[in-house]
Amino acid sequence: MKNTCYIHPTMDGKWVCPECGNAFCSDCVINREAGGYYGQGLIRCCPGCVVPTNWVGVSGTIKPFWTRIDKFFSYPFHANPLILIIAIAFLDAVLLSAPLGWFFRVFLSALMLNYAYLALRRSAQGDLTPPKMYDEALTAGAGPVLSQLVLFVLLAVAGGMITGLAGVLGLVFYGVIVMFFLPSMLIILAMDGNPIRAMNPVVFMALPFRIGGGYFIMWVFLVCLLFAPASLLYTVEAVLPPFWYEFFGGLFSNYYMIVAYHLMGYVLLQYHDKIGYEVKYEDIKQSDEQTAAKPDNRAAEAAKRTTFLFAEGKYDEAIEYIEQHRAQGGELPQELSEKYYALLKMKNKKAPLLAHAPDLLDQLTESNAKVKTLDVYGECIKIDAAFLPEPKALLKIAGWLAETGNPKIAISAYNKFAKSYPDNRDVPLAYFRAAQIFHDRLMNQDKAKGLLKGILKKFPDHAIAPKVKNYLQYIGG
Ligand SMILES: [Zn+2]
Ligand SMILES: [Zn+2]
């Protein structure tokens with residue numbers, strides 16, 4: 001079943017409302033803190049019915065791994081894995097010639113393997129962010145590493161036995177089999193941590209068949225990924241000093257390992273129902289998601305409810321809802337404030353529109369939204385020429401009007417400022433700006449000089465007075 005968000009047709013619908021049957025993306029559902037009956041975490045509610053929704057499940061949200069190959073390559077470039085990759089490659093190279101270096105190098109390899117294994121497990125559970133090495137890789141214990149070591153040792157022992165029985169040709173044949181099924185074995189190992197089960201041919205051979213062509217694509221990808229840097233490294237071996245050869249070799253193999261294990265985990269996630277692996281995660285966490293979803297505050301909830309009503313075409317209800325929200329002391333953040341204005345404009349509700357516009361203009365000028373600000377101001381003075389924004393916003397609007405080639409409206413805005421807020425300390429500034437516009441843009445010398453002289457006469461001690469004097473001199477007054 002392929003759902004798209006009821007409000008955003010281009011987004012996947014991850015949450016389905018049991019009441020209205022609509023699906024919503026993660027941006028549209030209302031996040032509420034679960035408590036009591038629902039246990040820990042978040043409950044996602046329908047923005048229309050405000051009842052808990054149902055998650056469509058992994059199959060409804062997960063993308064085939066071959067459509068997101070770039071994400072696998074970029075996975076190790078998060079801070080945690082990147083530091084680990086570089087640090088381990090560097091220490092490995094340093095320890096190359098140190099006494100007892102091999103001992104520590106084994107430990108470093110184990111640490112890397114542990115981290116990669118954790119990445120696999122985490123990806124398989126739907127969390128596509130890399131593990132944090134400090135709290136997880138170091139405290140996970142030796143279990144995962146040991147079970148993998150047991151697997152590798154068992155494979156080597158079996159290889160030795162086969163060579164004894166069937167000679168080198170037998171070993172080559174065995175090697176090919178192992179190479180093809182190794183990802184399958186590692187996936188099985190990650191599922192239940194039992195190396196004996198992972199070595200069971202009935203089990204590891206069945207898995208690729210269950211997955212189908214996807215397994216082969218993954219395998220080709222893993223092999224190509226392994227051989228490209230390996231062959232590159234082989235060609236530069238002669239020219240690189242041993243330290244650097246070891247360092248770059250370590251970088252490549254650590255990077256490869258994390259990508260490969262992450263990919264295997266993702267394949268397990270993608271085919272979990274075919275493989276019979278239970279995914280308990282309640283939502284896929286994308287690798288580029290920085291923070292986990294948080295419960296919405298009242299304003300964010302109101303914004304989502306409004307967006308829903310808007311999408312439904314229930315404009316009057318949306319207006320009523322916002323007004324109710326505000327009457328209960330709820331805040332109107334900019335996004336919601338803009339939406340409210342758009343609704344009032346659409347329904348041609350002039351009085352509430354003019355009453356709301358000064359608040360909106362405060363927000364718009366504060367965030368330097370020039371075009372929107374001038375649009376709103378223009379619409380308001382069209383309805384009522386006496387429309388008056390707050391002083392700070394009005395001063396900014398007048399400046400932007402002058403900047404965008406509207407000298408006359410700018411002057412009238414400065415004029416409005418001086419008349420409506422006569423005690424404001426920026427009144428001389430408003431007159432000064434108006435004078436500049438008269439001189440520079442409207443070529444009206446007399447008006448400019450008159451205004452400038454007026455400022456000097458009315459505000460002789462104002463901080464701007466010297467500037468005004470200079471300007472007056474400059475234009476020949
Ligand atoms: Zn609903
Ligand atoms: Zn949506």
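**Entry 1: Gly170**

I began with Gly170, which I record as partly exposed because 15 other C-beta atoms lie within 10 Å, a count between the limits of 12 or fewer for exposed and 20 or more for buried. I note at the outset that the model is predicted. I located Gly170 in helix α6, which covers residues 143-192. Leaving out residues up to four places away in sequence, I found that Gly170 touches Ile162, Thr163 and Leu165. I then took the C-alpha to C-alpha distance from Gly170 to Glu403: the two are 82 Å apart in space and 233 residues apart in sequence.

**Entry 2: annotated transmembrane regions**

I consulted the UniProt record, an unreviewed entry, which places the feature "transmembrane region" at residues 77-96, 102-120, 141-162, 168-190, 202-228 and 248-269. I checked two of these spans in the model. Residues 168-190 are 100% helix and 0% strand, with 31 Å between the end C-alpha atoms. Residues 248-269 are likewise 100% helix and 0% strand, and here the end C-alpha atoms lie 32 Å apart.

**Entry 3: helix α4**

I next examined helix α4, which has 24 residues, 101-124. From first C-alpha to last, α4 reaches 35 Å, close to the 34 Å expected at 1.5 Å a residue. I listed the buried residues of α4, among them Arg105, Met112, Asn114, Tyr115, Leu118 and Arg122. After α4 comes Gly126, for which I read a positive phi near 95°.

**Entry 4: domains**

I looked up the domain assignment of the chain, which gives domain 1 (15-56), domain 2 (65-275) and domain 3 (298-348). The centres of domain 1 and domain 2, taken over C-alpha atoms, are separated by 38 Å.

**Entry 5: nonpolar cores**

I asked which members of the largest nonpolar core touch the most other members. They are Phe24, Ala398 and Ala434, in a core of 61 residues. Helix α19 (residues 427-440) gives the most to this core, contributing nine residues. I also noted that domain 1 (15-56) and domain 3 (298-348) each supply at least three residues to this core. Apart from this core I found another, of 45 residues, which includes Ile85, Ala93, Leu118 and Leu207.

I returned to Phe24 and listed its contacts, not counting residues up to four places away in sequence. Phe24 touches Cys5, Tyr6, Ile7, Gly13, Trp15, Val29, Cys46, Pro47 and Thr53.

**Entry 6: the sheet**

I traced an open sheet of three strands in the order β2-β1-β5, with antiparallel pairing. Its edge strands are β2 (23-24) and β5 (54-55), each of which pairs on one side only. Strand β1 (residues 15-16) runs antiparallel to β5 and is joined to it by two bridges. Val16 stands opposite Asn54 in β5.

I looked at two residues other than glycine with positive phi. For Asn368, phi is near 55°. Asn368 lies in the loop between α15 (350-366) and α16 (370-383).

Met443 has a positive phi of about 55° although it is not a glycine. I placed Met443 in the loop between α19 and α20 (445-458). With 9 other C-beta atoms within 10 Å, Met443 is therefore also exposed.

Note on methods. Residues are numbered from 1 along each chain as its sequence is written. Chains are lettered from A and ligands numbered from 1 in the order in which they are written. This is a predicted model: local features need pLDDT of at least 70, side-chain atom pairs count only at pLDDT 80 or more; totals for chains, interfaces and linings use all residues. Domain bounds come from an automatic or database domain assignment. A nonpolar core is a set of buried Ala, Val, Leu, Ile, Met, Phe, Trp, Tyr and Cys residues joined through C-beta atoms within 7 Å. Helices (H or I, at least four residues) and strands (E, at least two) are DSSP runs, numbered from the N terminus. Two residues are in contact if their C-beta atoms, placed from the backbone, lie within 7 Å. Two strands pair if DSSP finds at least two bridges between them. UniProt positions are given in the numbering used here, feature names are shortened, and annotations may be inferred rather than shown by experiment. The expected span of a helix is 1.5 Å times one less than its number of residues.
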